[in-house]
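Grab the viewer and work through each one before reading its solution.

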Amino acid sequence: MRVTSTSPDMTRRLAGELALLLRAGDWLALSGPLGAGKTCFVQGLAHGLGIRQVVSSPSFVLAKHYPAAVGLLHVDAYRLTSAEEFWDLGLQEQAEGSVTAVEWARNIAPALPVERLEVALEDAGGDRRVIECVAPGGRLARVVEALSGRWDRVLQTEAGP
Ligand SMILES: Nc1ncnc2c1ncn2[C@@H]1O[C@H](COP(=O)(O)OP(=O)(O)O)[C@@H](O)[C@H]1O
Ligand SMILES: [Mg+2]
């Protein structure tokens, strides 16, 4: 699915809707240049998972874990150059009980499960961001379909009767 977001709040709301459809053990690979809104999207995920802590960019710590019923593991792979470096962080256990959202996912692509939701963000000028969610198949493909339906309803509600 492809959405044009017109504000940071809209990006967070889209991610919040997505969070309601995710399960522990799910992986999201976020791509897009600096300032595209990857961290903003993860903030919305956290909110949707009921996490009330402030989510900021984990660039300097590489990964931050937010425990919750379904937790959030927020990884920033900007400074990582190989899958091995990622495995060395030893995050497997935290990932199992969490939704794992990886910024700069391409840097560690071989470390990511094939079953993952790709979220590509693109700066379309000003506050516009084109956000594309793609899954290879299986349950995550159905998640994307469900998100698409939910999002249509959100937009309809906002447009009013
Ligand atoms: N529609 C939008 N969606 C997300 N962020 C937006 C949007 N419009 C403007 N922004 C701004 O773009 C920046 C995105 O920053 P951030 O989420 O940290 O990006 P990244 O993690 O991709 O580097 C923020 O300053 C945010 O306020
Ligand atoms: Mg970021």
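**Exercise 1.** Is Y78 buried, exposed or partly exposed in this predicted model?

*Solution.* Start with the cut-offs: under 20% relative accessible area is buried, over 50% is exposed, and partly exposed lies in between. Y78 comes out at 45%, so it counts as partly exposed.

**Exercise 2.** Classify the pair formed by the rings of Y78 and W104, and say where the two residues sit.

*Solution.* First check the distance: rings pair if their centres lie within 6.5 Å, and here the centres are 4.9 Å apart. Next comes the angle: planes under 30 degrees apart are stacked and those over 60 are edge-to-face. The planes of Y78 and W104 are at 55°, so this pair is tilted. Finally, locate the partners: Y78 is in the loop between β4 and α3, while W104 is in the loop between β5 and β6, 26 residues apart in the chain.

**Exercise 3.** How many aromatic pairs are there by this rule, and what is the geometry of W27 with F86?

*Solution.* The count is two. W27 and F86 make an edge-to-face pair, with 6.1 Å between centres and 75° between planes.

**Exercise 4.** Which lysines lie over the faces of W104 and Y66?

*Solution.* Take W104 to begin with: K38 lies over its face, 4.3 Å from the ring centre. For Y66, the lysine is K64, at 5.0 Å from the ring centre.

Definitions and conventions. Residues numbered from 1 in each chain as written. Chains lettered and ligands numbered in written order. Predicted model: local features only at pLDDT ≥ 70, side-chain atom pairs only at ≥ 80, totals over all residues. Heavy atoms only, no water. Phe/Tyr/Trp six-rings, centres within 6.5 Å; stacked < 30°, edge-to-face > 60°. Helix = DSSP H or I, 4+ residues; strand = E, 2+ residues; numbered from the N terminus. Buried < 20%, exposed > 50% of the residue type's maximum accessible area, 1.4 Å probe, protein only. Lys NZ or Arg CZ within 6 Å of the ring centre and 35° of its normal.
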